[in-house]
Amino acid sequence: MASITLNNLVKQYGDGFPAVNDVSIDIADGEFIILVGPSGCGKSTLLRMIVGLEDITSGDLLIDGKRVNEKAPRDRNLAMVFQNYALYPHLTVFENIAFPLRLAKGRHSEAEVQRLVTEAAKTLELTDHLQRKPGNLSGGQRQRVAMGRAIVRQADAFLFDEPLSNLDAKLRGQMRSEISQMQRRLGVTSVYVTHDQTEAMTLGDRVAVLKKGELQQIASPRELYEQPVNLFVAGFIGSPSMNFLPATLEGNKLKTPVGDIEVSEEKVRVAEGKRVVLVGIRPEYFEDASMVDESKRQQGSTFTAELTHTEWLGNEQYGYIKFDPDPEVRDLLDNLAREMDADELRPQIVVTLDAASRIRGGRPAELWLDTRKIHLFDPGTGENLT
Ligand code: ATP
């Protein structure tokens, strides 16, 4: 196992903006790091630079403290686990796992191959399947065979490039937990690329969010969720997404298109002097006010809004509030959409409500908002000011 250090890595393909721009990350020995971001943000390029399939334009790549920029992929001792598992259908599970050992001609005796494959199969709970062909295995078992290959090579790190993106939602969920358990059991340094924020949040020790080749934030899933550094990270992480409402400060109230929100002195200080701020509210910061007890009510702000409709999901409900944006607010939302790399941001907010809430669309409803949790963003720089 090994640590991997990325120091100011840059990848420039042509004349345009760099595919990877000055990215620095310290990956500790045994750590599970996720690289996440929308299509084209440079995450696959970064992974390919680590494994050696892509030249590094500038910056340094270190494995266990040694610079490896010029080392060939086979000399880096890293194992790539691919999306399609890259298994040979005509070979048994045993031979598929043994493949990298056989490829390294003369380095392993038959007895050693037997021992390494048997051990890996035991770790991966594949012992009973060693004589089967990949075609007769479940998706999860195939994934484990692919990991078995990486294990027998005694690779210093595993690199995963969107391994689950071809699977249906249910299988993806199962595989996610298999990979996570396996990585923890083996304790092997791993770097995992995905565009799926749920995968990122559930798998990684730390998650690196990239946008247009630049690292936005690297932090634990909880920190990313609770303390996003900017609008992009705030909007990218979490589902349904964080709501953003333009607001102006008047006294201790933020005036928003859906009503006034009373805020603490601390937040007043943050918003003071700014013509407009963007209020970031996760859907679950709202509650049906009739279900909030008096002592809790004091700690937030209650206001009336009309929901267009609600959706009942069994364990919770989503409610939708639309607002009519004036031209200035419309401009802000368009800018915000560009910032977030989204096609459009609708003038609407989403709230999650308890499954038992009786709030329905088409009539005014009282909502309680946990104002302690809201974020305030600078609409110009996108920075989280709170
Ligand atoms: P996706 O999830 O769609 O694969 P990504 O985040 O992995 O996206 P990359 O594939 O790393 O992004 O691409 C980053 C940028 O570099 C993109 O703008 C892409 O068009 C460009 N790019 C990638 N490979 C090459 C190449 N071989 N030549 C020129 N440009 C490239």
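The legends below describe close-up views of a predicted model.

Residues are numbered from 1 along each chain as its sequence is written.

**View 1. The shell of residues around the ligand.**
The residues around the ligand are Tyr13, Ala19, Gly37, Ser39, Gly40, Cys41, Gly42, Lys43, Ser44, Thr45 and His195, where a residue is near a molecule if its C-beta atom, placed from the backbone, lies within 6 Å of it. By class, this shell holds three nonpolar, seven polar and one charged residues; here Ala, Val, Leu, Ile, Met, Phe, Trp, Tyr, Cys and Pro count as nonpolar, Asp, Glu, Lys and Arg as charged, and the others, Gly among them, as polar.

**View 2. The open sheet of six strands.**
The strands of this open sheet follow the order E6-E7-E8-E3-E9-E10, and their pairing is mixed. Strands (E, at least two residues) and helices (H or I, at least four residues) are DSSP runs numbered from the N terminus, and two strands pair if DSSP finds at least two bridges between them. Strand E6 (78–81) and strand E10 (214–219) are the edge strands, each pairing on one side only. From one strand to the next the twist averages 20 degrees, with axes taken as lines fitted to C-alpha atoms, for helices over the stretch in contact, and angles running from 0 to 180 degrees between N-to-C directions. Strand E9 (residues 206–211) pairs with E10 in the antiparallel sense over five bridges, and Val209 has Gln217 in E10 as its bridge partner.

**View 3. The pairing of E1, E4 and E5.**
Five bridges join strand E1 (residues 4–11) to strand E4 (residues 58–63) in the antiparallel sense, and the bridge partner of Val10 in E4 is Ser58. E4 is also joined by two bridges to strand E5 (residues 66–67), again antiparallel, with Ile63 standing opposite Lys66 in E5. E4 and E5 form a hairpin with two residues between them, and Asp64 in the turn has a positive phi of about 50 degrees.

**View 4. The open sheet of five strands.**
In this open sheet the order is E13-E12-E11-E14-E21, and the pairing is antiparallel. Strand E13 (259–262) and strand E21 (375–377) are at the edges with a single partner strand each, so one side of each is left without a neighbour in the sheet. The twist averages 40 degrees from one strand to the next. Strand E11 (residues 243–250) and strand E14 (residues 277–281) pair antiparallel over five bridges, with Leu278 in E14 as the bridge partner of Pro246.

The axes of helix H3 (residues 110–123) and helix H4 (residues 139–152) come within 9 Å and cross at roughly 135 degrees. That angle makes H3 oblique to H4, since angles under 35 degrees count as roughly parallel, over 145 as roughly antiparallel, 65 to 115 as roughly perpendicular and the rest as oblique. Leu116, Val117, Ala120, Ala121 and Thr123 of H3 make the contact with Gly148, Ile151 and Val152 of H4, two residues being in contact if their C-beta atoms, placed from the backbone, lie within 7 Å. This contact of H3 with H4 has six nonpolar, two polar and no charged residues. The axes of helix H2 (residues 93–103) and H4 come within 8 Å and cross at roughly 35 degrees. On the H2 side the contact includes Val93, Asn96 and Phe99, and on the H4 side it includes Val145 and Arg149.

**View 5. Helix H4 against H5.**
H4 and helix H5 (residues 169–186) pack at an angle of about 30 degrees with their axes 10 Å apart, which makes H4 roughly parallel to H5. Gly139, Gly140, Gln143, Met147 and Ile151 in H4 meet Leu171, Gln174, Met175, Glu178, Met182 and Leu186 in H5, and by class the contact has six nonpolar, four polar and one charged residues.

The peptide bond from Ser239 to Pro240 is cis, with omega near -5 degrees, and Pro240 has its place in the loop between helix H8 (231–236) and E11. Asp22, which lies in strand E2 (residues 20–27), has a phi near 60 degrees, a positive value in a residue other than glycine.

Methods:
Predicted model: local features only at pLDDT ≥ 70, side-chain atom pairs only at ≥ 80, totals over all residues.
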